[in-house]
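Subject: Structure handover

Hi,

Here is the structure I promised to pass on. Please load it before reading my notes.

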Amino acid sequence: MSEFLFLRNEVAPAMIRGVWMSIKLIVPSAVFGLVIGIITGTLRVYGHAVLKSVANIYVTLFRGFPLLVQLYLWYFGLARFGIYFSPYTAAVIGFSLCSGAYHSEYIRGALLSIKEGQMLGAQSLGFSKTQALFSIILPQAVRRALPGCGNELIYLIKYSSLAYMVTCIELTGEAKILASLYFKYMELFLIAGAIYLFLVSIATWILNHVEGWLAVPGFEPPRT
Amino acid sequence: MHFSITAGLKAVIEGLPYILGGVWVTLVVVVGALFMGLVLGTLLSIAHVYGNRVLRGLTGLYVWFFRGVPLLVLLFLFYFGLLGALHLDLSPFFVSIVVLGLISSAYQSQILRGAILSIPEGQLKAARAIGMSDTKAITFIILPQAFRLAIPGWSNEYTIIMKNSAVTYALGVAEIMARANHVAARTYQHFWLYLLAGFIFLILTYAGTKLLGLLQKRVAIKGYAR
Amino acid sequence: MKDSAMPANVPVLRIENIKKRFGDKEILKGVSFELNRGDIKAIIGPSGGGKSTLLHCINFLTLFDEGHVYLNGIEIDHANKRELYAYRQKVGMIFQDFNLFDHLSALQNVQIGLVRVKKIPKAEARERAVAELERVGLKEHMNKYPAELSGGQKQRVSIARALAMDPEVMLLDEPTSALDPELVGEVHSVIQKLAAGGMTMILVTHEIGFAGSLAKEIMFMDEGVIVEKGPPRKILYEASQARTREFCDKIIHFHHREDDQE
């Protein structure tokens, strides 16, 4: 089989299947992760003492355990208790909860970085605490947290490759299977790597633009 | 196969010595990668800050590549792809250190670059003014300051490598995760053994950051903080 | 809080026996006074005497331990949130460090309370916000963000923001103390304009001269109590209490010395 035919008939369909699966893993995990992060991050700053410590424990555990361990717990670990997740579901749960813990940290830091006077200023105008949180504090916190949360989204793209380890066949899995079949490791992992690079670069570009749109003069968080 | 803490505990206790044996493997991988990342990362950061346009472009490309491709893909690429193509026979253990080290060098170069750039220009000027060559100025004046500033970044980098090191299990490195898996396959107590592995990583991460915190205090210079 | 049926002799704002402690430190030891419509009262006194805490308490931004606050004769119950938010709209607060919303332009800073709290349609709120900014002389800077404004401009925006809520009383907590000396004048002249328009105000300040020229009554506050109050001339030059005299002498002396040097 010529290289071209191999690429067209074997590699291209597999890579397209793989990328599609990766995207189906990344997008929901990113959304769930952000929602979890915003909720737990806010609870850790403004929440009731009990909720605060629950959220703190969650963040410590899910930031402290390697993601691979978490995925194995969801997929293989819980199966021993009769709780069966499909590889896809286990991966999305694992990614969302892990990602959420990291987002939580950025959101918390951002909320803490906002001066107390912002809340006082809003309250003095007759805002309720909830109103002030939503129209004054969170819009500022989101801007402050954006670089960190953006980084986390980039990490998520790369870490989505670990879904292969719980037998969810996405981009890395498709490459591995095809590579073993035709003994073309170098080529296939280079192609897979290039696709990840492409995804990561696109995401970085989009995030930079979002940061640009949301930028407020003099309000930029310190950049490194 | 039902919810049974006693069976789980039994497996954990019986498997513990074997799994703890993996701590050394993990530590060697992590420290080796961190060290390799430090050496390469330092060179890269110097090339990026003080190099000409070509050097800057090349280091940029390097950083972009190793920060953009997932660890698992790089492990497969190096172990199955590159070794095969070069007809080399290296152990998964060694390849893991190299791959983690290469990735880390990309991140560490960024950390150090930030640190170098935050040092006032006057430092380099003053070093030149007393007759130092640029190499000497960078070695004796800039880097000692930059390294101190970079410690918090390293602490973070250490925790990331520590957690990522679990992925080397995919190549069969007999580290903590691999060993937890062996015991799990024998005892069917997957949940408890992965939980154990998770906590071992958690402790190693915590201990390492504490250690680096101590280092930061030791090398701190009075009134020197930015 | 209906203004319509209000007898003319009821004070706009009445503070009764406010006490506040932080830990074992008693910051306010029972402060009372009242403010009639159009009154301007200044509070002076050494730092740490409780002046700022008092203003924060009046706005319930700091909750006090004992005491009562009445607006137009009706006691404010801070536990009743709806009542509290309505009250705060009626009592404008100007902070030492402005507390402008850092992510919003000057215009948006003034507009947001109208839109979110008063629920006024955006276009209308915008019109009102522009008018308020014009009143403090900042219409041409309305699209700038806080970080792009000078301290004096920031404080003027914060005054416009409070005015937009149609307050009946303004509480000014050292409005110029965070400003560079050359920027104090612009803020003072805005406050003077407010006074000329008949705004009821409480002004906490270290600028004795300004306080004297503006207020009908000066209250000297120290160690959590109002030590003495009276017309400016009396408090500044003929105070009956030793503490008041000592404080005023020091400050007046200091100012004269500064004048000499000029």
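This is a predicted model: local features need pLDDT of at least 70, side-chain atom pairs count only at pLDDT 80 or more; totals for chains, interfaces and linings use all residues.

Chain A first. Its secondary structure comes to eight helices and zero strands. From the N terminus on, the order is α-α-α-α-α-α-α-α. The C-alpha trace of chain A spans about 75 × 45 × 25 Å along its principal axes. Chain A has 224 residues, and 46% of them count as buried. Take the contacts in chain A between residues at least 6 apart in sequence: 74% of these join residues at least 24 apart.

Next, the contact between chains A and C. Chain A gives 20 residues to the contact, and chain C gives 24 residues. On the chain A side, the elements that give two or more residues are helix H5 (116-124) and helix H6 (129-159). By class, that side has eight nonpolar, eleven polar and one charged residues.

Last, a helix pair in chain B. Helix H2 (residues 53-68) packs against helix H4 (residues 92-117) at an angle of about 125°, with the axes 8 Å apart. H2(B) is therefore oblique to H4(B). The crossing of the two is left-handed. H2(B) makes the contact with B:Thr59, B:Tyr62, B:Val63, B:Phe66 and B:Arg67. From H4(B) come B:Leu102, B:Ile103, B:Ala106, B:Tyr107, B:Ser109 and B:Gln110. By class, this contact has seven nonpolar, three polar and one charged residues.

Best wishes

Conventions:
Residues are numbered from 1 along each chain as its sequence is written. Chains are lettered from A and ligands numbered from 1 in the order in which they are written. Axes are lines fitted to C-alpha atoms, for helices over the stretch in contact, and angles run from 0 to 180 degrees between N-to-C directions. Helices (H or I, at least four residues) and strands (E, at least two) are DSSP runs, numbered from the N terminus. Angles under 35 degrees count as roughly parallel, over 145 as roughly antiparallel, 65 to 115 as roughly perpendicular and the rest as oblique. A crossing is left-handed if the near helix is turned anticlockwise from the far one by less than a right angle, and right-handed if clockwise. Two residues are in contact if their C-beta atoms, placed from the backbone, lie within 7 Å. Ala, Val, Leu, Ile, Met, Phe, Trp, Tyr, Cys and Pro count as nonpolar, Asp, Glu, Lys and Arg as charged, and the others, Gly among them, as polar. A residue is buried if 20 or more other C-beta atoms lie within 10 Å of its own, exposed if 12 or fewer, and partly exposed in between; C-beta atoms are placed from the backbone.
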